[in-house]
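Work through the exercises below with the sequence and the model open. Try each task before reading its solution.

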Amino acid sequence: KRKGLGHWHIFDPDEEQVVQLKIDNSLILNIRNALRDNAFHLVYQPVVNLHTEEISHYEVLVRMLDERGETISPGLFIPVAERSGEIRRIDEWVLDNALKQFSEMRALGPCPKLAVNISAPTMQADDFPQMVIDTINKYHIDPDDLIIELTETSYIENFQQVLRNLQQVTGSGVRIALDDFGVGYSSFTHLKLLPLSYVKLDGSYIRQLQQNQEDQIFVRSLAAIVEAYGMETIAEFIEDEDTLGLLRSLGVTHGQGYYLGRPAPLVLGESHQRRSTSH
Ligand code: C2E
Ligand code: MG
Ligand code: MG
Ligand code: MG
């Protein structure tokens with residue numbers, strides 16, 4: 001248009017887009033190979049009750065190995081899998097393997113509940129509630145021992161379907177946590193409409209919490225709303241004692257972060273005492 005009538009300009013994707021596409025394609029290949037070769041594994045990070053200091057549950061986090069055996073972070077490959085459609089198979093793999101490990105742990109003694117991340121595209125499928133119920137039954141899991149984290153890194157296209165699915169899942173006794181609240185596609189409407197037990201405040205509000213008055217106001221207000229709705233707040237990214245104390249004083253009930261425990265493999269027979277915080 002700028003060149004005036006009769007001038008044409010061939011669309012030429014800029015360098016950045018080309019590079020992103022190449023990265024996506026190589027990651028898609030990696031994901032397909034990993035699904036074929038079973039090259040995923042799970043790590044578990046404790047979520048701690050800030051009043052009792054006991055482990056409330058573990059969040060299950062997936063890791064992928066590439067051809068050379070190096071670990072690829074889910075922050076890299078999950079968004080690509082969401083765009084390429086491979087996410088469904090990853091979410092199924094994670095749910096199945098997490099519940100399998102959980103049933104093995106439980107056979108040996110008490111073990112905290114599990115929270116499994118499921119991406120929005122997977123939650124939108126008609127058969128999502130059945131997938132959850134089938135996996136629970138397969139491993140004889142008590143639905144009360146499972147929490148599902150709705151990660152809103154990708155946009156929910158069919159909100160009504162997600163709502164119906166989550167109502168069906170919670171009807172069976174499984175609980176729902178809304179992940180990464182405060183960024184991305186999260187909305188206050190979701191707090192009101194979805195059948196939630198936990199709201200996970202995104203780490204970006206916690207990182208600068210001590211210096212940032214606005215973040216403190218947001219955290220305090222959100223914790224009050226969440227409590228008034230009868231749900232619980234989980235703060236991510238707690239990396240030091242001072243932040244932990246501040247979050248407690250702002251009314252946050254649960255926390256997660258390197259200070260409270262890093263993601264680690266579950267060791268069969270290990271006792272689930274919280275690892276020492278004096279490090
Ligand atoms: P998320 O669900 O919000 O998980 C929390 C992320 O923060 C994890 O990164 C965890 O290792 C990291 N983290 C926890 N505490 C701290 C801390 O104190 N400091 C710092 N710097 N980081 C901390 P991770 O494992 O790399 O996962 C990234 C994201 O990938 C997750 O964010 C989640 O959205 C997605 N993801 C991970 N596993 C799965 C999965 O099995 N399925 C799906 N659909 N998504 C997953
Ligand atoms: Mg999560
Ligand atoms: Mg989170
Ligand atoms: Mg997050």
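This is a predicted model: local features need pLDDT of at least 70, side-chain atom pairs count only at pLDDT 80 or more; totals for chains, interfaces and linings use all residues.

Residues are numbered from 1 along each chain as its sequence is written, ligands are numbered from 1 in the order in which they are written, and side-chain values use heavy atoms, without hydrogens and water.

**Exercise 1.** Find how the axes of helix α1 and helix α2 cross.

Solution. Take α1 as residues 15-37 and α2 as residues 74-84. Their axes come within 9 Å and cross at roughly 90 degrees. The two helices are therefore roughly perpendicular (65 to 115 degrees). Next, list the contact (heavy atoms within 4.5 Å). From α1 come Gln 20, Asp 24, Leu 27, Ile 28 and Ile 31. From α2 come Leu 76, Phe 77, Val 80, Ala 81, Arg 83 and Ser 84. By class, that gives seven nonpolar, two polar and two charged residues.

**Exercise 2.** Identify the protein donors of the magnesium ion (ligand 3).

Solution. Search for donors (N, O and S atoms within 2.8 Å of the metal). Asp 179 (OD) and Glu 236 (OE) lie 1.6 to 2.0 Å from the ion. Asp 179 also bridges to the magnesium ion (ligand 2), with 3.7 Å between the two ions.

**Exercise 3.** Which residues have the most contacts inside the largest nonpolar core?

Solution. The core has 78 residues. Those with the most contacts inside it are Phe 40, Phe 77, Ile 90, Phe 128, Val 132, Leu 146 and Ile 148. Helix α3 (residues 87-108) gives the most, with nine residues.

How values were computed:
Axes are lines fitted to C-alpha atoms, for helices over the stretch in contact, and angles run from 0 to 180 degrees between N-to-C directions. Helices (H or I, at least four residues) and strands (E, at least two) are DSSP runs, numbered from the N terminus. Angles under 35 degrees count as roughly parallel, over 145 as roughly antiparallel, 65 to 115 as roughly perpendicular and the rest as oblique. Ala, Val, Leu, Ile, Met, Phe, Trp, Tyr, Cys and Pro count as nonpolar, Asp, Glu, Lys and Arg as charged, and the others, Gly among them, as polar. Donors are N, O and S atoms within 2.8 Å of the metal (3.2 Å for Na, K and Ca); water is not among the atoms, so sites may look incomplete. A nonpolar core is a set of buried Ala, Val, Leu, Ile, Met, Phe, Trp, Tyr and Cys residues joined through side-chain atoms within 4.5 Å. Buried means under 20% relative accessible area, exposed over 50%, partly exposed in between (1.4 Å probe, protein chains only).
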